Amino acid sequence: MILIVYKYLTPRGFRGLTFFPFVIVTNKDDALDTVCVNHEKIHLRQQVELLVLPFYVWYLLEYSIRLVQFKDRKNAYYNISFEREAYANEKDLNYLKQRSFWKFLKYI
């Protein structure tokens, strides 16, 4: 993981963004926030499991489906399986040590 602090690389309203192998956060406080960083590390694991590029294809496809389903960008984002897994487990700093392969499928 390569952690970058640079507010202009993250979309407005987001604290962090992950593009394997980079985790980009908006400010130094977010870089020190273990929950925020753990959330992004979960995304790194998801990206590795799907061999990176298919992760982004799946993410955009699922976001599009959720957008049609919920007719709301925020609800669509929070209901993407990758985000559901990351938000549900971001506070468990040991989650990645015991996480099973493709665990995000549980959150579809």
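A crossing of two helices is right-handed if the near helix is turned clockwise from the far one by less than a right angle. In this predicted model, helix α2 passes helix α5 in such a right-handed crossing. Helix α2 covers residues 34–49, and helix α5 covers residues 81–89.

Two packed helices are described by the angle between their axes and the distance between the axes. For α2 and α5, the axes come within 9 Å and cross at roughly 140°. Angles over 145 degrees would count as roughly antiparallel. The two helices α2 and α5 are therefore oblique to each other. On the α2 side, the contact is made by Asn 38, His 39, Ile 42, His 43 and Gln 46. These residues meet Phe 82, Glu 83, Glu 85, Ala 86, Tyr 87 and Asn 89 in α5. By class, the contact of α2 with α5 holds 4 nonpolar, 5 polar and 2 charged residues.

Helix α5 also packs against helix α3, which spans residues 53–70. Here the axes lie 9 Å apart, at an angle of about 100°. This angle makes α3 roughly perpendicular to α5. From α3, the residues in contact are Phe 55, Trp 58, Tyr 59 and Glu 62. Their partners in α5 are Ser 81, Phe 82 and Glu 83. The contact of α3 with α5 comprises 4 nonpolar, 1 polar and 2 charged residues.

The largest pocket has a volume of about 740 Å³. It is lined by 27 residues. Closest to its centre are Phe 14, Leu 17, Tyr 59, Tyr 77 and Glu 83. Several elements contribute to the lining of the largest pocket. Strand β2 (16–19) and helices α2, α3, α4 (73–78) and α5 each supply at least two residues. Helix α2 gives the most, with 6 residues. By class, the lining has 14 nonpolar, 6 polar and 7 charged residues.

Two backbone features complete the description. Most residues other than glycine have a negative phi, and most peptide bonds are trans. Phe 20 and Pro 21, however, are joined by a cis peptide bond, with omega about 5°. Pro 21 sits in the loop between β2 and β3 (22–25). Lys 71 is not a glycine, yet its phi is positive, at about 55°. Lys 71 is found in the loop between α3 and α4.

Terms used
Residues are numbered from 1 along each chain as its sequence is written. This is a predicted model: local features need pLDDT of at least 70, side-chain atom pairs count only at pLDDT 80 or more; totals for chains, interfaces and linings use all residues. Side-chain values use heavy atoms; hydrogens and water are left out. Axes are lines fitted to C-alpha atoms, for helices over the stretch in contact, and angles run from 0 to 180 degrees between N-to-C directions. Helices (H or I, at least four residues) and strands (E, at least two) are DSSP runs, numbered from the N terminus. Angles under 35 degrees count as roughly parallel, over 145 as roughly antiparallel, 65 to 115 as roughly perpendicular and the rest as oblique. Contact means heavy atoms within 4.5 Å. Ala, Val, Leu, Ile, Met, Phe, Trp, Tyr, Cys and Pro count as nonpolar, Asp, Glu, Lys and Arg as charged, and the others, Gly among them, as polar. On a 1 Å grid over the protein atoms alone, a cavity is a set of points where a 1.4 Å probe fits but cannot get out, and a pocket is an open set with protein on both sides within 12 Å along at least five of seven lines; lining residues have an atom within 4 Å of a point. Grid points are joined across faces, edges and corners, and a volume is the space filled by probe spheres set on the points.
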